[in-house]
Structures are given as C-alpha cells and as structure tokens.
Amino acid sequence: MDQPSKGAGVSGADVSDIAIEANAAAKAPVADRAQALKQFALSDKTFYWLTRASAICVLLLLGGIILSLIVGAWPAIQHFGLSFLTTQRWAPQLEPAPILGGLGPIYGTFVSSLIAMLIAVPVGLGIAIFLTELCPMWLRRPFGVAIELLAGIPSIIYGMWGFFVLAPFLADHVQPWIIAATSGIPVLGSIFGGPPSYLSLFNASVVLAIMILPFITAISRDVFMTVPPVLKESAYGLGCTTWEVVRNVVIPYTRVGVIGGVMLALGRALGETMAVTFIIGNSFRIQDSIFSPGTTISAAIASEFAESGGLHQSALFLLGLLLFVLTFFVLAAARLMLMRLERAKGA
Amino acid sequence: MNSIYARRRRRNVIIRVLCYAAAAFGLTWLGLILFTLFWNGLAGLNLSVFTQMTPPPGSKTGGLANAIAGSAIMTFLGVAIGAPIGMLAGTFLAEYGRHERLTTVIRFINDILLSAPSIIIGLFVYVAVVLPMGGFSGLAGALALAVIVIPVVVRTTEDMLLLVPNPLREAASALGMPRSLVIKRVAYRAARAGLITGVLLATARVAGETAPLLFTALNNQFWNIDMTTTVANLPVTINNFVQSPYEYWRQLAWTGALIITLAVLTLNVVARILGRERNTQ
C-alpha cells in the first residue's frame, strides 16, 4: 500500500539525479576506491592533529604569557629583588638609577578589591536570592536576562560613568557625610579621614563593585538554581520561612559554588583595568584614608606603560607578573570549587 | 510558643526587605548607568560621527569614522584568527580527547585564561609581537584580541559539541564515515547554532576591550587601515577623550561609548536568540 505512493512522490528530476550518481559510481575504477580511502585516512589524520595542535596551543598561550612576563620583568627582578615588594617609593625619573617599589599598587589592588567585594557580594547574593525565591515568576526571566546583559557591558563604560557621574556624586554627597560621621573615632576616623576627593581609592572601589555586581548575581543565581526543587519544597512543606529555606537548604547545598563564584568575581576585580584607571588618582603613596588617591597594579600599567622604558618598563612587567600569579591562584581555586559542585551535581 | 513564631516571621520579613532593597539598589545603579550613557551618547549622535575623522585638540567638528573602522577591522581580524583555533581546540576536547588526561588540564587552563586580566594579555602581546615587529601596530592589537577570543570559543565549542547526542555519531560511524567527517558533517551541523552563538559572544567580549589595545594597537588620529602601523580604535579613543579637557572630545567619548554598548548588546541579544532556537528545537 505504502510503496507505490512513496514512489509517486519522487519527482522525475530526483530519480534522474540518483541514476546519474549511481552510473558515475559504477563507472569509477576500483583503484579510485582505494585512493579515496587513502585520502580519507590522510584527511582524518590531518584533522586530528590540527585539533590536537590547537588544543595544545591553549597550553602554549599560558606558557607564553608567563614566559613573556618573566622575560619582561627580569631586569627589575635582578635589580630590585625582594625589596620591590616592600618599597613604597616610585621614582622612575630618579638619577642615576630609578627607585621603584611595588608596595603602593599592590596595596591598592588588595584594598580596592576588598572594598568592592564587601559591597558587591552581599548585594549580589541578595539580588540572587530575590531572583530565585521572591521575584514573581513572570519577572524572573526578563530580570535575569537584563542582569546577564549588564554583565557583558565593556568595563570602560563603567569607568567613564564613574569618572563623569559617580565620582563627583560620591565626593560631594557621600564622602563628606561619612567623614563627619566618623571623625573623632580612633581607627575609623583615619580610614575615612581627609578631604573628600574625586580621585580616590574609595570611588574606584565603588565603580568596581557596581561592575562586578551583575557578574556575582548571574553566577550565584545559576548556582542557586542547581538546588533540587524537592529539597526546597520539603522545607517549605515543614513550615519554613523563605529565609529559613535559604539559610538552611539553599546556602548549605550551594556553599562551594557560591564561594567559587565569589572568587571568580574577586579574580575579575583584582585584574580590572578600565573601570578604575580614570578615578583612582594614580598615586603610588599609601595613605591612611581611603578617600585619598591610590593606584592598582593594572591602573599603573595602563597609565604608564606606553611612555615607559628600561627599568621603569621592566618594573611594570614585574607588577604584571605579580598580578598574573595572584589572579592565577584565585581563579584556580575558584575553578576547583566550581568543578567540585559540578561533579556533585552529576553524581 | 508564639514569641518564636513572631521572631521567625520578623526575621524573615527583615531579610525579605533586605533582598528587595538589594535588588532595587543594584538595579538603580545599573539603570542609572544605562540612562546616563543613552542621554549623553544620543546628544552627540549624528551622521558626522560616522563620516568624519577624530578631531585634533580644540576642534569643534569631527567624528569617529577612523576609530569605528579601525575597531571593526581589528575585532574582525581578532575573531577571524582566534575563532578557528578555538573551535579546533574545542573540537579536540569534546570529540577526540574526551577521556584523556590532557583534556582535563587544557580545560582547566582554558578556564583560567578565560578570566585572566586583559591587561596581562596586552603585556604578553607587547613582548611577543610589538617588540619583534619594532613598533605598535593594528595587527598586534588584533592578535591581542585573538588571544582573548580563543578561550571563549574553546569553552562554548566544547559545551555545544558535548550536547550533540552520541547516537548521531554512532550512526554516522556505522555507515562507514571516517571520524573527521563524522565531526565535520554531523557533529558540527547538529551544533551549528551553538557554535555561532559562541563566536558572537566572543565578538561581543572583545568589541569593547580596551586594556589590551593600550600598548599594542595604540591609537591613530587619522584614517589608516594599514594593519602594520598604529590604527585608530574606538576604546582607546574613548580612553583618551575621557581624560581630555575639551568639551567636544568628551561628548565624542560618550557617543563612542554608546556605539560600543549598542554593538555589544546587539551581539549578545542575537547570540541569545540563536541559543534559544537551538534549545527549543
């Protein structure tokens, strides 16, 4: 029954095509078949080695990065040695030999990332909890997409917004208020001391926080969504409040993933360049107040590298090497944690 | 008993309010950024931005034509160099080396490269390309972008190929297809939308990258598409104009920032739509 109707469905042109192809195949000499097989084997091997070489290329990239940083930093390593890590003075023009120490940018990198994380982690986790537990269903998707899109905006946009809009706002309205509130208190008074400033570590940290906020939110939301609904439903069924479900079910279940995500964000904050360069002030001196100018490793490289030479350039390479080693360990730890979570999910 | 309930409820309400506040706080800042960007950027957006060269200091006319062209070419070159390498490497991880030790190592290293500070990539390319070539060049900039593209494409390619059901490959192999043809004709075709998504995401990622271009491509005030010398590009132009004292330059910086953001958002949205099509199939 079925056979004839199928045959009728094949149009004349199709049939003739098939016939021609079959004819050509029949005419082909037997030797060509062996040749074709050989060609297959050759292209097979070529493709295999092409992919393998490309994969090894990724390893070479990492090796090349480390090697080039060491080569660039070598003169500075030899000249300054370990004192580079403890010297605060940065005097590239000094005669006869420049005195260069990395303490200022290293301090700035740590402090700005720390402040940024202190602001962004609680807020980011709060938004992630909001997105997975509290937000009305119809809003979750658009909200989540918006956050992910914001995470993709280039950092220079955040940087220039911070320079034109946020820094003046913070210096005129937020800093004076904090300075007044903390003046006279022993330690806080000096941390939040001094005149308000457009260019300061604090302003840079806030921009950094706003920049990594979508990133932290997106990762923690993904991690929170790995919690099996049954677990949460049972907790709700026992009469738990939203907070108790989050506190006793969601967070314990996802702890490793959340820490991994936070460390990934930390790796980003440590190495971020364009968001901080405009407003950090580029001062290598370490000052008590976070409202005074500072610099980070990446900001120092970005603003000085193009006009540097000799030992000065080498010192910037050394800073770059330190930054890379630092972020390497942070990112490696983050990935190991996230991998552990994935394995748990797979099991 | 009642006091416990009251306490639990109170604590829950406090946390809920905090979460709502966090969402409002975060969205306010992010909304504000987009609002300022569009407000300031649109004010300077007109045809001359796309037809005229970047202005000399103090000038009140001029556009971003050379910077836009330079950025487009460098981004394209970067993706054209980085994407094939990334795809081949991703193919190895997902197809050939699925059970090899090497794959685990490469995947781990790739994930680290994926989030390595982009300014470090700039330093690397400076030593590897700029110094041997004897000067800053657009090609060095494109290569720096390619180094950023590779890990992104490796990751997405591997993920997408791993989603292709194994019976497809087995069926093709059973028909006598060589392994490379199984990958090229069957696996690639099944994962096509995902692979394109990966390349688009990588393009979006590098389109606004500034740090690695600062001392590889540098910048150029004039029209130049000769990739062996310095080439104007949008991110570095914005970087220079933001810190300038000239009102007109700052206006152009906002407009340039808006153009970059729109390009990046469009790429992301298109990638997302493509990705969703694949999921609903």
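**Domain interfaces in chains A and B**

Across the interface of domain 1 of chain A and domain 2 of chain A, 0 salt bridges are found, a salt bridge being a side-chain nitrogen of Lys or Arg within 4 Å of a carboxyl oxygen of Asp or Glu. The model is predicted, with local features requiring pLDDT of at least 70 and side-chain atom pairs counted only at pLDDT 80 or more, while totals for chains, interfaces and linings use all residues. Residues are numbered from 1 along each chain as its sequence is written, chains are lettered from A in the order in which they are written, and side-chain values use heavy atoms, without hydrogens and water.

- Chain A comprises domain 1 (14-81) and domain 2 (86-346), with bounds from an automatic or database domain assignment.
- The centres of these two domains of chain A, taken over C-alpha atoms, are separated by 41 Å.
- To the contact (heavy atoms within 4.5 Å), domain 1 of chain A contributes 14 residues and domain 2 of chain A contributes 13 residues.

- The side of domain 1 of chain A that touches domain 2 has 11 nonpolar, 3 polar and no charged residues; Ala, Val, Leu, Ile, Met, Phe, Trp, Tyr, Cys and Pro count as nonpolar, Asp, Glu, Lys and Arg as charged, and the others, Gly among them, as polar.
- Between the two domains of chain A, 3 residue pairs are in polar contact, both residues at pLDDT 80 or more; a polar contact is a pair of N or O atoms within 3.5 Å, where within protein one must be able to donate a hydrogen and the other to accept it, and residues adjacent in sequence count only if both atoms are side-chain atoms.

- Chain B is divided into domain 1 (2-44) and domain 2 (49-280).
- The C-alpha centres of the two domains of chain B lie 34 Å apart.

- About 710 Å² is buried between domain 1 and domain 2 of chain B, 78% of it on carbon and sulfur atoms.
- B:Leu37, B:Asn40 and B:Gly44 lose the most area on the side of domain 1 of chain B, together 58% of what that side buries.
- Across this interface of chain B there are 0 salt bridges and 1 residue pair in polar contact.

Terms used
Buried area = accessible area lost by both parts, 1.4 Å probe.
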